[in-house]
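Okay, thanks for coming, everyone.

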Amino acid sequence: MKLVKPKKALGQHFLKDLQIAQRIADTLSDHPSTPVLEIGPGMGVLTQFLLEADHDLTVVELDMESVAYLQANFPDLKGRIIPADFLKLDLAKLFPGEFCVIGNYPYNISSQIFFKVLDYKDRIPCCSGMLQKEVAERLAAGPGSKTYGILSVLLQAWYDVEYLFTVSEKVFDPPPKVKSAVLKMTRNQRTELGCDEKLFKTVVKTAFNQRRKTLRNSMRPLLGKECEDLTSPLFDKRPEQLSVEQFVTLTLITQKQLDRSKNDLAK
């Protein structure tokens, strides 16, 4: 069967280097018996190594030309190729228990993919794969880094994020205009944040919406001008200086202020 033609609209850049594909597959070696979902397998360069390692593999592929190629070339995947958009899948219906996620992720939706992984954090012990180098650096960045941002905090609240290695643009067809990187996220021991999770996300997003300002200014939309906690040294900091734990503290302060405002209105 003829090779699949990469489609720009789907952000397709097919990996040609088999050694790199093997290294990506090896990121799941410490989860040999956990079912695996591969996102965007394309022509199966990573798929073949996942099957060789005997993973219980399911793949999701939006491109019907790639689906036909996989069906013709990977008989072991019969019944386990899902022709769908990963972002629209109900993963709880696909996997009753835990599962790992892996892929050479389309650059144009990689952040959305990781936000979706977060929605299933209690089912996904490991997520790894290749994405744009700048995005990988952002996800793995720690407090104090200029690239540390919303997704860094939200992911690192629940996962240990490792930047594994950089990949040249020359090993793809067609070559992307940017370098790539392989990332691995392993679920940490945290079972709860110690604050309201929905409010935590709102606080993180509000803080980073004006990342150059101190928290005293960027948090005013949530806290108002009368919040007595604004005198705390915590509010002298900018959002990229805060650890996950400090964002939890900030969320608890915000919750207290919201409750206080609600009580004042009720009087």
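**A walk through the model**

Let's start with Thr 214, which is found in the loop between H8 and helix H9 (215–218). Helices here are DSSP runs of H or I with at least four residues, strands are runs of E with at least two, and both are numbered from the N terminus. Before I go on, this is a predicted model, where local features need pLDDT of at least 70, side-chain atom pairs count only at pLDDT 80 or more, and totals for chains, interfaces and linings use all residues. Residues are numbered from 1 along each chain as its sequence is written, and side-chain values use heavy atoms, with hydrogens and water left out.

Back to Thr 214: is it buried or exposed? It's buried, with a relative accessible area of 17%. By buried I mean under 20% relative accessible area, with exposed being over 50% and partly exposed in between, using a 1.4 Å probe and protein chains only. Leaving aside neighbours within four places in sequence, Thr 214 is in contact with Phe 235, Asp 236, Lys 237 and Arg 238, where contact means heavy atoms within 4.5 Å. Thr 214 and Glu 228 are 14 residues apart along the chain, and their C-alpha atoms are separated by 16 Å.

Now H8 itself. This helix has 13 residues and reaches 18 Å from its first C-alpha to its last, close to the 18 Å expected at 1.5 Å a residue; the expected span is 1.5 Å times one less than the number of residues. Asp 196 caps the N-terminal end of H8, with a side-chain oxygen 3.2 Å from the backbone nitrogen of Lys 198. On the buried list for H8 you'll find Leu 199, Phe 200, Val 203, Val 204, Thr 206, Ala 207 and Phe 208.

That takes us inside. The largest nonpolar core has 57 residues, and among those with the most contacts inside it are Phe 114, Leu 139, Phe 200 and Phe 247. H8 (residues 197–209) gives this core its largest share, six residues. Apart from it lies another core, of 29 residues, including Leu 46, Phe 49, Leu 51 and Cys 126. For the record, a nonpolar core is a set of buried Ala, Val, Leu, Ile, Met, Phe, Trp, Tyr and Cys residues joined through side-chain atoms within 4.5 Å.

Let's zoom in on Phe 114. Not counting residues up to four places away in sequence, Phe 114 touches Tyr 105, Cys 127, Leu 131, Leu 139, Leu 151, Leu 155, Leu 183 and Met 185. Both Tyr 105 and Phe 114 are buried.

How many aromatic pairs does a search of the whole structure find? Four. Rings of Phe, Tyr and Trp (its six-membered ring) pair if their centres lie within 6.5 Å; planes under 30 degrees apart count as stacked, over 60 as edge-to-face, and the rest as tilted. Tyr 105 and Phe 114 have ring centres 5.6 Å apart and planes at 75°, so that pair is edge-to-face. Then there's an aromatic cluster formed by Tyr 148, Phe 208 and Phe 247.

Charges meet rings here too. The charged end of Arg 23 sits over the ring of Phe 165, 3.7 Å from the ring centre, and the charged end of Lys 116 sits over the ring of Phe 86, 5.4 Å from the centre. The rule is NZ of Lys or CZ of Arg within 6 Å of the ring centre and within 35 degrees of the ring normal.

At 15% relative accessibility, Leu 89 counts as buried. Beyond four places in sequence, Leu 89 is in contact with Val 60, Ile 82, Ala 84, Leu 94, Lys 116 and Tyr 120.

One more loop residue: Asp 54 lies between helix H2 (47–52) and S3. Asp 54 has a positive phi of about 65° although it is not a glycine, and at 64% relative accessibility it counts as exposed.

Finally, the overview. The protein has eleven helices and nine strands, and 49% of its 267 residues count as buried. Along its principal axes, the C-alpha trace spans about 70 × 40 × 30 Å.

Methods: A polar contact is a pair of N or O atoms within 3.5 Å; within protein, one must be able to donate a hydrogen and the other to accept it, and residues adjacent in sequence count only if both atoms are side-chain atoms.
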